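Trainee: I am new to this structure and would like to learn how to read it. Please take me through the features one at a time.

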Amino acid sequence: MQKCFNQNKELEKQIQFLTGNRESTEALVHAPVLPPFSKTVIDFLSEVSKKLLAMKETKQYPDIVTWAFWIRKASILAYKERFCGTLKENELCLGRGTVFHIAPSNVPVNYAYSLTAGLLTGNKNIVRVSSKEFRQVELINWAVNEVLESYSELIPYIMIVKYAHNREISDYLSSLTDVRVIWGGDATISEIRKSPLPPRAREITFADRYSLAVIDSDYYLEKEDAKKIAQGFYNDTYMTDQNACTSPKIVIWTGNFIYEAKRRFWNALYELAEKQYEIQPVQAVDKLVKMYLAASECGCRQVKEFDNRMVRVELQKLQSSILEYLGNSGYFYEYDCDNIMELADIISDKCQTVGYIGEKEFIRPLLEAGLDGIDRVVPVGKTMDFDFIWDGYNLFAEMTRLISLI
């Protein structure tokens, strides 16, 4: 990389190093890979976690707090046992090499999860963050850089950069890559794929996806705390303006007491949105346009109980065409369902997560039907929780190399 930059000073000026620097890039190229869950990496992440959780400002950003808890030593050791506990004596596992992460622009902390996965699997990491300014990114990078001063041996393994769309830069970074991870949707994937990879490199892509929530009204009314569920669903949706692929956009209701459950659920959610969510005029207009288009094409109607912070649109039937009119910023379709198999009409290969309230087994028939979509089934309030199994990928297996000793 240093050679490339030296050949093109104008190109060099377009790279902003948030972690690492121009002098450390050559070290990244030549550094050896590590075994997964190395003690140094675990200790480093634990110190980053402690530093973030001790900061007062961090409390303003639940997404930072969630990541900081996820990288605690106890959490990481549980993953180590889960993924490395089954290795045989004649097997050696190492990082695959250099991972080039292209982070999305709609979920600020996503880049930190991707970087963590790369580090814990023993890899060197180049992370391109969004050109958008996010305070969460600033705070996390500050903590990473502070702790790196005491873990200088890890400097070659962490390089966080920012640059505007530039094919030449992406070409070069991709040429160094053993694993390329593209977050950010179909358009980003198409653009980045113009930059070729080495023959043995692999690619992990996270395309445009959508998610659902399925709520058993009987279970919800009998066993769930309305405020707790509302906070969890708020975190799943409003925290990212409903832009995350994991954020439910359609709510499916089942059971015998749907009317009562709806009133309780939406009223509790609106109480939170009214206090915590600021909506911009352009968001309100966008929701109105989506609703009119959906009404003309799919036969639905708005439930007029709340203001523009929360727009509910009732579907008379489930049909795949509604997927063209999915919205965000507190825009929810909902449908009263008699049979879980009715959902088959809206389960495409772009359906990622089903959040549920009730017994998860009642969703199993849908999963066993062999549909193209649904990669995750998690409780409502947990749809944003990151795991090494994501979007149908086993990130641990994708980012490591297994050596047989026979």
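Mentor: Start with contacts, meaning heavy atoms within 4.5 Å. In the protein chain, 74% of the contacts with a separation of 6 or more are between residues 24 or more positions apart. The model is predicted, so local features need pLDDT of at least 70 and side-chain atom pairs count only at pLDDT 80 or more, while totals for chains, interfaces and linings use all residues. Residues are numbered from 1 along each chain as its sequence is written, and side-chain values use heavy atoms, with hydrogens and water left out.

Trainee: Where is confidence lowest in the protein chain, and where is it highest?

Mentor: The score to read is pLDDT, the predictor's confidence in each residue, from 0 to 100. Where it is low, the predicted coordinates should not be read in detail. Here the protein chain averages 93, and 97% of the residues score at least 70. The lowest mean, 54, belongs to helix α1 (residues 2-7), and the highest, 98, to helix α4 (residues 39-53).

Trainee: How many helices and strands does the protein chain have?

Mentor: Both are DSSP runs numbered from the N terminus: helices are H or I with at least four residues, strands are E with at least two. The protein chain has 16 helices and 17 strands. Its radius of gyration (taken over C-alpha atoms) is 23 Å, close to the 22 Å from the globule rule for 406 residues, so the chain is as compact as a globular protein of that length. That rule is 2.2 Å times the number of residues to the power 0.38.

Trainee: What share of the residues is buried?

Mentor: Buried means under 20% relative accessible area, exposed over 50%, and partly exposed in between, with a 1.4 Å probe and protein chains only. Of the 406 residues, 54% are buried. In helix α5 (residues 62-70) the buried ones are Ile-64, Val-65, Trp-67, Ala-68 and Trp-70. Their cover includes α4, α6 (73-84), α7 (110-120) and α8 (135-148).

Trainee: Which residues have the most contacts inside the largest nonpolar core?

Mentor: A nonpolar core is a set of buried Ala, Val, Leu, Ile, Met, Phe, Trp, Tyr and Cys residues joined through side-chain atoms within 4.5 Å. The largest has 58 residues, and Phe-37, Phe-44, Trp-67 and Phe-388 have the most contacts inside it. A second, separate core of 30 residues includes Tyr-210, Ile-250, Leu-326 and Val-354. Phe-37 sits in the loop between α3 (25-30) and α4, and is buried because its relative accessibility is 1%. Phe-37 also has a positive phi of about 55 degrees, although it is not a glycine.

Trainee: How many salt bridges are there?

Mentor: Side chains of opposite charge can pair when their charged atoms come close. The rule asks for a side-chain nitrogen of Lys or Arg within 4 Å of a carboxyl oxygen of Asp or Glu, and the count comes to 25. One of them joins Lys-39 and Asp-43, with the closest N and O atoms 2.6 Å apart. These two are four residues apart in helix α4, so about one helical turn separates them. Lys-39 is exposed at 62%, whereas Asp-43 is buried at 14%.

Trainee: Which distant parts of the chain does the pair of Lys-262 and Glu-314 link?

Mentor: Their side chains meet in a salt bridge at 3.5 Å, N to O. Lys-262 is in helix α13 (residues 258-276) and Glu-314 in strand β11 (residues 311-315), 52 residues apart. Both residues are buried.
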